[in-house]
Amino acid sequence: MIILLTGGSASGKSGWAEGLAAALHRRSGGALLYLATMAAEDGESRRRVARHRAQRAGRGFLTVERPAGLRELTLPPGATVLLEDLGNLAANELYRPGGGGAGAVLDGLERLCRRAANLVVVGNEVFADGEDWDRGMADYLRLLATAHAACAARADAAGTVACGIPLWYKRPEGPEFDALREEADPG
């Protein structure tokens with residue numbers, strides 16, 4: 001199953017994504033991987049990394065620090081993967097030295113969609129925060145929107161989280177997804 005969750009900063013999307021990945025893993029087995037894309041280079045980013053590690057402690061995740069280079073990543077067979085998050089990945093591939101650009105983001109995401117037994121992708125709602133972007137920011141937003149659209153097209157379920165409540169735009173019908181959602185509820 002492929003699930004895309006977007007939301008603003010501190011919306012609760014990470015808690016939901018972690019719960020969904022853990023629930024999918026319990027059903028399918030295999031490795032449970034957390035692909036961390038944030039390059040923790042300052043105090044605020046290190047605090048966010050620590051908060052996310054504490055939030056998922058004891059859930060069985062193997063954390064793989066992967067700020068870029070998803071297309072080179074080898075996954076164990078049957079893995080459930082949580083990719084946290086597309087915004088950091090896009091910024092790293094576009095702007096960090098040695099980044100692979102837009103193609104690396106889209107190719108890496110497609111590779112994950114094909115190889116993971118289950119994939120939960122966390123995206124970002126950053127599209128309403130301005131109107132007069134410079135070229136670099138416009139390129140970033142275009143790439144992030146393209147990555148969201150590509151993931152949503154492949155996804156079995158896609159939604160956004162606001163105030164800790166998911167709103168599903170796309171989801172499988174039937175009791176199985178409802179049960180998965182109940183099991184994953186972080187609240």
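Student: Let me start with β5. Which residues lie on each side of β5, and are they buried or exposed?

Tutor: First, some ground rules. This is a predicted model, in which local features need pLDDT of at least 70 and side-chain atom pairs count only at pLDDT 80 or more, while totals for chains, interfaces and linings use all residues. Residues are numbered from 1 along each chain as its sequence is written, and side-chain values use heavy atoms, with hydrogens and water left out.

Tutor: Now two terms. Buried means under 20% relative accessible area, exposed means over 50%, and partly exposed is in between (1.4 Å probe, protein chains only). Helices (H or I, at least four residues) and strands (E, at least two) are DSSP runs, numbered from the N terminus.

Tutor: Here is your case. Asn118, Val120 and Val122 sit on one side of β5, Leu119 and Val121 sit on the other, and all are buried. Five of the five residues of β5 (residues 118-122) are buried, so this strand is largely enclosed by the rest of the structure.

Student: How do I read strand pairing? Which strands pair with β5, and in which sense?

Tutor: Two strands pair if DSSP finds at least two bridges between them. Strand β1 (residues 2-7) pairs with β5 in the parallel sense, over four bridges. Ile3 has Val120 as its bridge partner, and Leu5 has Val122. Strand β4 (residues 80-84) also pairs with β5 in the parallel sense, over five bridges. There, Thr80 is partnered with Asn118.

Student: What else does β1 pair with?

Tutor: Five bridges join β1 to β6 (residues 157-162), and the two run parallel. With six of six residues buried, β1 is largely enclosed by the rest of the structure.

Student: Next, helices. How does the span of α4 compare with what its residues should give?

Tutor: The expected span of a helix is 1.5 Å times one less than its number of residues. Helix α4 (residues 101-115) has 15 residues and should span 21 Å; its end C-alpha atoms are 21 Å apart, which agrees.

Student: Which residues of α4 are buried, and what covers them?

Tutor: An α-helix has 3.6 residues a turn, so residues three or four places apart point the same way. In α4 the buried residues are Gly101, Ala104, Val105, Gly108, Leu109, Arg111, Leu112 and Cys113. Their cover includes β1, β2 (32-36), β4, α3 (86-95), β5 and α5.

Student: What is a nonpolar core, and which residues touch the most other members of the largest one here?

Tutor: In soluble globular proteins, nonpolar side chains tend to be buried together. A nonpolar core is a set of buried Ala, Val, Leu, Ile, Met, Phe, Trp, Tyr and Cys residues joined through side-chain atoms within 4.5 Å. The largest here has 28 residues, of which Val81, Leu83, Leu86, Leu112, Leu119 and Val121 touch the most other members. Two or more residues come from each of β1, β2, β4, α3, α4, β5 and α5. The largest share, six residues, comes from α5. Another core, of 21 residues, lies apart from this one, and Ile3, Ala17, Leu20 and Val161 are among its members.

Student: Now a single residue. Where is Asp85, and is it buried or exposed?

Tutor: Asp85 lies in the loop between β4 and α3. At 7% relative accessibility, Asp85 counts as buried.

Student: What does its side chain reach?

Tutor: A polar contact is a pair of N or O atoms within 3.5 Å; within protein, one must be able to donate a hydrogen and the other to accept it, and residues adjacent in sequence count only if both atoms are side-chain atoms. The Asp85 side chain reaches the backbone nitrogen of Gly87 at 3.0 Å. It also makes a polar contact with the side chain of Asn124 (3.5 Å).

Student: Last one. How many disulfides are there?

Tutor: A disulfide is a covalent bond between the sulfur atoms of two cysteines. The rule used here is a pair of cysteine sulfur atoms within 2.5 Å. By this rule the count is zero. Take Cys151: the closest cysteine sulfur, in Cys113, is 5.0 Å from its own sulfur, too far for a bond. Cys151 is buried at 0% relative accessibility, whereas Cys163 is exposed at 75%.

Terms used:
Contact = heavy atoms within 4.5 Å.
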